[in-house]
Amino acid sequence: MEKKEAPKSALDALVSLCKRRGFIFQSSEIYGGFAGFWDYGPLGCEMKRNIKESWWRFTVRDREDVEGLDASIIMHPAIWKASGHLDTFSDPMSMCKGNCRKLMRADQIWDVFEESTLRETLAGMLGEAGKIATWCKGKGKSAAPGLYTVQHPEYLEKIFEQLKTITDVKELFILLATPEGETNVLPCPNCGGVMTEPRPFNLMFKTIVGPVEDPSNVAYLRPETAQAIFAEFANVMVASRQMPPFGIGQIGKSFRNEVTPRNYIFRSREFEQMEVEFFIKPDEAVELLCGHVAPLTDETDLSEPQADWGWECWHKYWVEQRKQWLVKNGLPEDSFVEYWQKPDELAHYARACVDIEYRFPFGVQELEGIAARSDFDLSRHQEHSGKSMEVFDEPLKLAVKKLSDEEKAAFRAKTVAEWEARGKTAEAANAFLDRLFEGRYIPHVIEPSAGVDRMALAMLCNAYEEQKLVDEKGKEDIRTVLHLAPAIAPVKVGVFPLVKNKPELYALARDIFKKLQRRYNCFWDESGAIGRRYRRQDEIGTPFCVTVDFDTLEKDGTVTLRDRDTMQQERISVDDLIRRLDDLILG
Ligand code: GAP
């Protein structure tokens, strides 16, 4: 078997398969589609459920230190003021002042230019001043009508010598688009006109709650699931009798009015997130309780949480947990990259943030993030709501009680110095220590945050393969196969009767199908040659197929069990079938 070269656009082939076989459809297609919105068909919704189910089991149900939550999508607007989303959750937008009046994200203008035909045209003329001038006076009028040199060809004379020497296509574009005397021009990659200065555009969708369309009734569709977790932190902690370190996990829809939804389901306006806010003790509390904070080194064993872990160990632990989950669900370790944000890329309150990036066909892009967010979120909600977000930690109070006055003073001096070194005031450090010595603190947070749709896309991209097969007679054939992990595959088992005109065989096959159907999503297929039925299942990623044939009925009661990836078949007794499939599918 020879692996066929990736098709010219691997994503196009996948998009076409997903539509044809019922994974993903464009929303509102009969009305021409609706940008940034997608519908998951019969197979897509099964696959998405499987991703969420796997995440939920691994992250919430199988752990004793994580609780679940399913909060409302529309919440009190004050939440978004406290979280900072109302003031800062925006993209910089520019509008073309030239011919096309297009609105674009200012930070994506050069990406759009890179993919444009205008760039290709200009690159083909680099260094050829005469050609460029002729183009501006001719074809340029339709290709880039907003370009300054197209509208003012007399200016070409002034820059003619420069046009001969420019070797960079971006520089050439800027020169052709820049009106005389102006600097800092941002040219429009669509028509060559000049873009306006970027202005912030808030990404939250607004809605009105109640019958009166009044600004006081404006609310927002949540742009992330995380804030509901912070808002419900105290309720969940009390109700579930948890204390830090513990987490709250939630899966649900989020909405962002993305300016340029792109790359299929990668960046949508409506999507789902799977987020955990994992609440930990501040390092100072750990030190008082354990006498030290475990340093994070290459040798640190991160397999089981420890009482002496500070934020660094917890953060790395969650990075490792997320990687484990990705690998367990079929994404090979070399298909993603761990990107540690640099200090100047971090939000002001964040201590670290790791993006797990996947090698999508359109580039290496963020799949999910794991952020160490300090006590920022709970502190903001405490400040804005007036409700305490502190926990009272009895063992901590007792540990402090055992300290002498000198030891307390030394701890205070050391902590104040550390806070000052991180740019915080001594006043803030002292206020924190006063509460800490009473056993009270606002927990810090580690936030692993993933997108369901982005995960589905990564898994589909990773799974897609077109194999060139050659049979014994030398005949070539292409087998399209989705190598989805069994836990993620929308259909787990295809069940086929070899023939449909033998009633006993047919009835036996139906009986097996019904039994399996009670355990996992199965597909019954009785039409066409067996080989074709296998191919139909390969294309949607069904990991196993069971065929009931004459031997089942007349000889030894065995069926054939066929493996999607190896295409090998084995005979197995019906009695052993369920046990075997449980092992293969549920692990
Ligand atoms: N609470 C943190 C948070 O929301 P984020 O990086 O903005 O962080 C987390 O989003 C994850 O949600 C991303 O890594 C991505 O998987 C997914 N996501 C974000 N915006 C998305 C969009 N417009 N379309 C699809 N998925 C998106």
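Guide: What follows is a description of the interface of domain 1 and domain 2.

This is a predicted model, in which local features need pLDDT of at least 70 and side-chain atom pairs count only at pLDDT 80 or more, while totals for chains, interfaces and linings use all residues. Residues are numbered from 1 along each chain as its sequence is written, and side-chain values use heavy atoms, with hydrogens and water left out.

The protein is divided into domain 1 (10–86 + 208–393 + 439–456), domain 2 (90–200) and domain 3 (491–586), with bounds that come from an automatic or database domain assignment. The centres of domain 1 and domain 2, taken over C-alpha atoms, are 40 Å apart, and 4 residues of domain 1 are in contact with 6 residues of domain 2, where contact means heavy atoms within 4.5 Å.

Between them the two domains bury about 480 Å², 42% of it on carbon and sulfur atoms; buried area is the accessible area (1.4 Å probe) that two parts lose on being put together, summed over both. On the side of domain 1, V259, T260 and R262 supply 84% of the area buried against domain 2, more than any other three residues.

Across this interface the rule finds 1 salt bridge, that is, a side-chain nitrogen of Lys or Arg within 4 Å of a carboxyl oxygen of Asp or Glu. R262 also forms a salt bridge with E115, and the closest N and O atoms of this pair are 3.6 Å apart.
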